[in-house]
Amino acid sequence: MSHYPHLLAPLDLGHVVLPNRVLMGSMHTNLEETKDWNRVAAFYAARARGGVALMVTGGMAPNREGGVFPGAAGLFTPADIANHRVVTDRVHDEGGRIAMQILHAGRYAYGPDCVAPSAIKSPISPFPPKELDEAGIEKQIADIATAAARAREAGYDGVEVMGSEGYFLNEFLVTRTNRRTDRWGGSLENRMRLPLDVVRRVRQAVGQDFILIYRISLLDLVPEGQTWDEVVTLAKAVEEAGASILNTGIGWHEARVPTIATSVPRRAFAWVTKKLMGEVAIPVITSNRINTPDVAEAVLAEGCADMVSMARPFLADPDFVRKAAEGRAEEIAPCIACNQACLDHTFAGKISTCLVNPRACFETELVLEPTAAPKCIAVVGAGPAGLAAALALDRRGHTVTLFERGARLGGQLNLARQVPGKEEFHGLVAWFETMVAKCGIALRLSTEATPDMLSDFDAVVVATGVRPRDPQIPGQGAANVLSYIDVLTGAPVGARAVIVGAGGIGFDVAEFLTQTGQSPTLHLHDWLAEWGVTDPETARGGLVEPKPEAPARAVTLLQRKPEKPGRNLGRTTGWIHRAALQAKGVEMIGGVNYEAVEPGGLRVSSGPGREDPRLIPADTIVLCAGQESDRTLAERLAARGCVVHVIGGADVAAELDAKRAIDQGTRLAATL
Ligand code: NAP
Ligand code: SF4
């Protein structure tokens with residue numbers, strides 16, 4: 001008997017039976033924009049091989065004005081159809097199924113030609129949209145239906161009509177973005193007219209034996225969002241209009257509530273989908289922060305949905321479903337919901353990949369072939385860089401010994417996982433432990449590798465990481481000064497703390513020091529209150545006044561750069577860290593000079609002229625002033641003439657993060 005009877009149960013859609021309840025949700029990876037269709041096909045084929053029941057592509061524009069950005073991929077010409085065929089054929093060869101998402105971005109389209117129900121600019125785009133007239137609306141509907149017909153011609157098994165997240169269809173549904181007084185605005189019937197016409201016309205265009213998923217916004221999380229009654233009325237009408245499945249969207253892109261970041265509790269919104277169960281007869285899909293088979297199974301077993309959508313977990317591990325079915329769930333590389341290599345890349349115009357799995361979207365480029373010349377290789381340092389290198393070298397057939405000075409593997413990941421909101425790092429460390437234990441790597445914990453110990457290896461990979469930078473502040477040797485390592489490993493901190501350095505670690509330490517009791521990430525009720533999310537039956541859009549818990553202590557976060565602290569944090573997550581700390585009353589000050597540590601606190605001044613010297617009162621001062629490479633071993637080996645490969649923080653400490661470390665370790669292993 002499977003551990004996942006609900007997850008692995010087939011789903012009968014009438015003309016087709018899906019083999020299990022797992023949908024790979026749409027992700028915009030920027031792969032299609034490369035126009036390297038073999039590479040696009042390799043990405044989806046790997047996921048099809050891994051057993052997912054149905055995949056949805058990244059959003060394809062139905063026309064130029066609806067593209068997320070100028071040049072966004074779509075299905076515009078017969079040549080496009082032939083290109084998409086390469087993908088659908090490869091997926092079908094692997095026994096998989098794939099639907100194309102049709103995404104009309106409306107006022108979120110990042111370009112001057114964007115269109116919308118009303119000429120109201122979105123807060124997250126510089127481009128005011130043009131208000132559509134009757135003919136313009138008809139053109140958009142016709143273009144979406146044409147895109148659906150082309151998708152069928154290109155061999156897709158279905159389409160997903162994107163009706164959530166604040167995009168074009170969603171914009172018609174609420175007065176926030178629809179102030180029309182004609183038949184497309186005003187009453188609910190009028191506001192629903194466009195999404196329903198789209199579904200009807202798409203169904204007409206594709207016939208009955210084709211999957212039509214409608215992504216419905218169940219919780220807008222913006223002022224003037226939909227009421228629950230409106231959502232249910234729409235869901236029933238969408239079913240009536242011809243949809244075969246309802247997928248869930250949570251939150252508009254302009255919402256000030258995080259919906260998929262790592263600090264969002266797992267399955268945080270399954271309760272919303274559960275409210276829709278029983279209102280429609282077609283299958284309902286739930287999504288958002290579901291990243292393990294156990295969580296997915298529980299959500300289905302509790303009747304929250306008929307099917308589960310996971311997107312980023314399929315970047316982390318294409319074989320998610322197969323491993324779950326084979327009883328190897330602990331081998332599934334976990335998505336830690338960091339966004340660092342996926343969404344942050346997408347928004348920077350780069351190809352998405354995955355912090356945990358740098359091969360995602362690079363399947364044709366980063367290949368770990370079995371080696372023709374197996375070697376004995378020592379890897380020193382079991383942080384992310386060393387672990388990634390060791391696992392990839394082992395996979396290629398080398399004999400690997402992994403040395404780690406500490407008593408457990410994980411390196412800096414063991415610090416990260418102490419931070420409230422970063423609990424997913426526990427799972428990443430556990431996965432590394434499992435994989436190292438299951439493969440042939442000889443692990444030498446609590447062992448300081450010396451040049452003598454390494455002399456017999458064919459190659460040495462040095463991944464000895466970083467040590468904290470010394471900011472050399474006069475008086476910093478005092479007992480009231482701690483390093484971030486002391487703090488994150490449990491040193492007592494007073495009621496008033498000043499943090500020196502506002503990089504990723506400074507922010508993490510501020511979150512750690514302001515948190516009282518349990519992390520809200522592990523307590524859905526607290527997290528919903530903190531961000532002001534409630535049952536949409538009681539408040540339009542599901543929004544109420546946020547009620548963050550009182551901070552555990554007063555914290556001041558400092559940096560020398562005369563700019564807003566936190567500017568260099570992750571593109572899609574930085575605002576969440578800043579908002580969370582603001583809610584906890586953390587004072588963030590840029591442009592300071594550190595003059596001296598004094599018994600009552602930290603004396604600082606401002607600007608190049610060292611003006612306005614003042615004491616920031618503090619019981620504890622925490623140094624988070626960045627990192628420097630630990631290259632001691634690499635230098636000793638080089639002095640003996642050994643060839644060493646230096647990776648991760650030991651190579652370059654500046655802006656080191658686990659993404660770069662894992663990527664560099666894997667890429668090195670592919671070449672040895
Ligand atoms: P960091 O991001 O490089 O920040 C170092 C901080 O120390 C900066 O605020 C810097 O600002 C300050 N600083 C630098 N030299 C200093 C000096 N000599 N004296 C006093 N202050 C100094 O480093 P980090 O915070 O240690 O983080 C390390 C890496 O881990 C980061 O690159 C980050 O990407 C990664 N990380 C990421 C996350 C995440 O959420 N993605 C979280 C934690 C860590 P000023 O020079 O302006 O003073
Ligand atoms: Fe998940 Fe982070 Fe990988 Fe994105 S980069 S798929 S969020 S682990």
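Predicted model: local features only at pLDDT ≥ 70, side-chain atom pairs only at ≥ 80, totals over all residues.
The partner of E230 is R191, and the two form a salt bridge whose closest N and O atoms are 3.4 Å apart. R191 is buried too, likewise with a relative accessible area of 8%.

Let us move on to another pair. E363 and R47 bring their side chains together in a salt bridge, with 2.6 Å from N to O. Here the chain positions are 316 residues apart: R47 belongs to helix α1 (residues 37-49), while E363 sits in the loop between α11 (343-347) and β13 (376-380). How buried is each partner? R47 has 0% relative accessibility and counts as buried. E363 has a relative accessible area of 13%, which also makes E363 buried, because the limit for that label is under 20%.

The next pair has partners in two accessibility classes. E424 and R266 meet through their side chains in a salt bridge of 2.8 Å, N to O. E424 is in helix α14 (residues 424-438), and R266 is in the loop between β10 (245-250) and α7 (270-276), so to speak a link across 158 residues of chain. E424 is buried at 5% relative accessibility, whereas R266, at 36%, counts as partly exposed.

Beyond such pairs, there is a network of salt bridges to explore. It links D319, R322, E326, R328, E330, E331 and K438. Taken over the model, the count of salt bridges comes to 43.

Now turn to the strands. Which strands make up the open sheet, and in what order? There are three, arranged β22-β23-β24 with antiparallel pairing. The edges are held by β22 (592-598) and β24 (611-617); each has a single partner strand, so one side of each is left without a neighbour in the sheet. On average, neighbouring strands of this sheet are turned by 25 degrees against each other, with direction ignored.

For a look at the pairing itself, follow β23 (residues 601-606), which is joined to β24 by five bridges, the two running antiparallel. L602, for its part, stands opposite I616 in β24.

Methods. Residues numbered from 1 in each chain as written. Chains lettered and ligands numbered in written order. Heavy atoms only, no water. Salt bridge = Lys/Arg side-chain N within 4 Å of Asp/Glu carboxyl O. Helix = DSSP H or I, 4+ residues; strand = E, 2+ residues; numbered from the N terminus. Buried < 20%, exposed > 50% of the residue type's maximum accessible area, 1.4 Å probe, protein only. Pairing = 2+ DSSP bridges. Axes fitted to C-alpha atoms, helices over the stretch in contact; angles between N-to-C directions.
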